[in-house]
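Please look at the structure before reading on.

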Amino acid sequence: MTATLHHRSVVGILGGMGPEATADFYLKLVHATPAMRDQEHLQVLIWSDPTIPDRTDALLTHGEDPTPALIAGARLLKAAGAKMLAVPCNTAHAFLAAVQKEVDIPIVHMIEETAKYVQLLSPTVQKVGLLSTTGTQKAGLYQSWLDREGISVITPAADCQENLVMTPIRAIKAGKTAVARPLLIEAAQGLINAGAQAIIAGCTEVPAGLSADDIPVPFIDPAEVLAVTVVRRVLANR
């Protein structure tokens with residue numbers, strides 16, 4: 001490991017969107033760390049605020065803006081000693097440019113890092129299927145980054161998006177993971193049939209109901225990509 005304990009950057013996790021996804025991301029961060037003992041793991045601060053207004057509602061139905069709560073959480077983590085921030089919520093990335101302007105520590109951009117990861121896949125991927133909230137889909141968060149890499153994004157039709165993607169996402173948030181799996185498998189298979197060469201779990205709840213074993217193409221978990229990126233940056237002392 002290239003960074004000693006006392007010189008590592010403290011990682012701040014701005015979470016609560018939802019709580020299970022935040023807990024899952026911390027576990028991914030632990031698993032991504034090349035540690036042999038407790039003392040070799042990262043120093044992490046977690047702010048899990050489930051009262052942050054719904055990001056999809058804000059994007060689609062003029063619901064309450066989550067930006068002030070996100071800024072407050074980012075400032076709290078910085079004040080507590082965080083030197084970089086990770087936000088394990090895809091839809092929240094629609095608001096992170098405004099958050100970054102208010103804190104002078106870097107926010108590791110999960111969607112940007114995922115786009116870089118997809119671009120490096122072998123064999124080359126030209127089309128990906130996106131399973132995400134409708135807010136993430138409509139905001140074009142993945143489309144804007146993957147377009148730069150020459151990769152097109154396939155999304156479910158409106159009825160499939162609601163019935164096969166949003167319904168299981170809500171079920172997972174409600175602790176009903178078992179009912180989500182067959183719906184997400186059907187949604188993923190539909191995208192594969194439409195030409196997707198890989199599937200992006202573009203909502204941090206999706207990997208709780210769908211896994212790489214469920215589909216015949218690469219399954220990309222942006223939270224895992226984010227965890228690996230955070231560990232790499234901390235150990236590089238950046």
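This is a predicted model: local features need pLDDT of at least 70, side-chain atom pairs count only at pLDDT 80 or more; totals for chains, interfaces and linings use all residues.

**Pocket and cavity**

Q: Which helix gives the most to the lining of the largest pocket?
A: The lining of this pocket is made up of 20 residues. Five of them come from the helix that contributes the most. That helix is α8.

Q: Which residues lie nearest the centre of the largest pocket?
A: The space in the largest pocket is about 240 Å³. Of the residues that line the pocket, five lie nearest its centre: Asp54, Thr56, Thr133, Met166 and Lys173.

Q: How many residues in the lining of the largest pocket are charged?
A: By class, the lining of the largest pocket has six nonpolar residues and seven polar ones. The charged residues number seven.

Q: What is the volume of the largest cavity?
A: One cavity of 30 Å³ or more is present in the structure. The volume of the largest cavity is about 30 Å³.

Q: Which helix gives the most to the lining of the largest cavity?
A: The lining of the largest cavity consists of Tyr26, Leu29, Val30, Thr33, His41, Leu42 and Val44. By class, these residues are five nonpolar, two polar and no charged. Three residues of the lining come from the helix that gives the most, α1 (residues 19-32).

Conventions
Residues are numbered from 1 along each chain as its sequence is written. Side-chain values use heavy atoms; hydrogens and water are left out. On a 1 Å grid over the protein atoms alone, a cavity is a set of points where a 1.4 Å probe fits but cannot get out, and a pocket is an open set with protein on both sides within 12 Å along at least five of seven lines; lining residues have an atom within 4 Å of a point. Grid points are joined across faces, edges and corners, and a volume is the space filled by probe spheres set on the points. Helices (H or I, at least four residues) and strands (E, at least two) are DSSP runs, numbered from the N terminus. Ala, Val, Leu, Ile, Met, Phe, Trp, Tyr, Cys and Pro count as nonpolar, Asp, Glu, Lys and Arg as charged, and the others, Gly among them, as polar.
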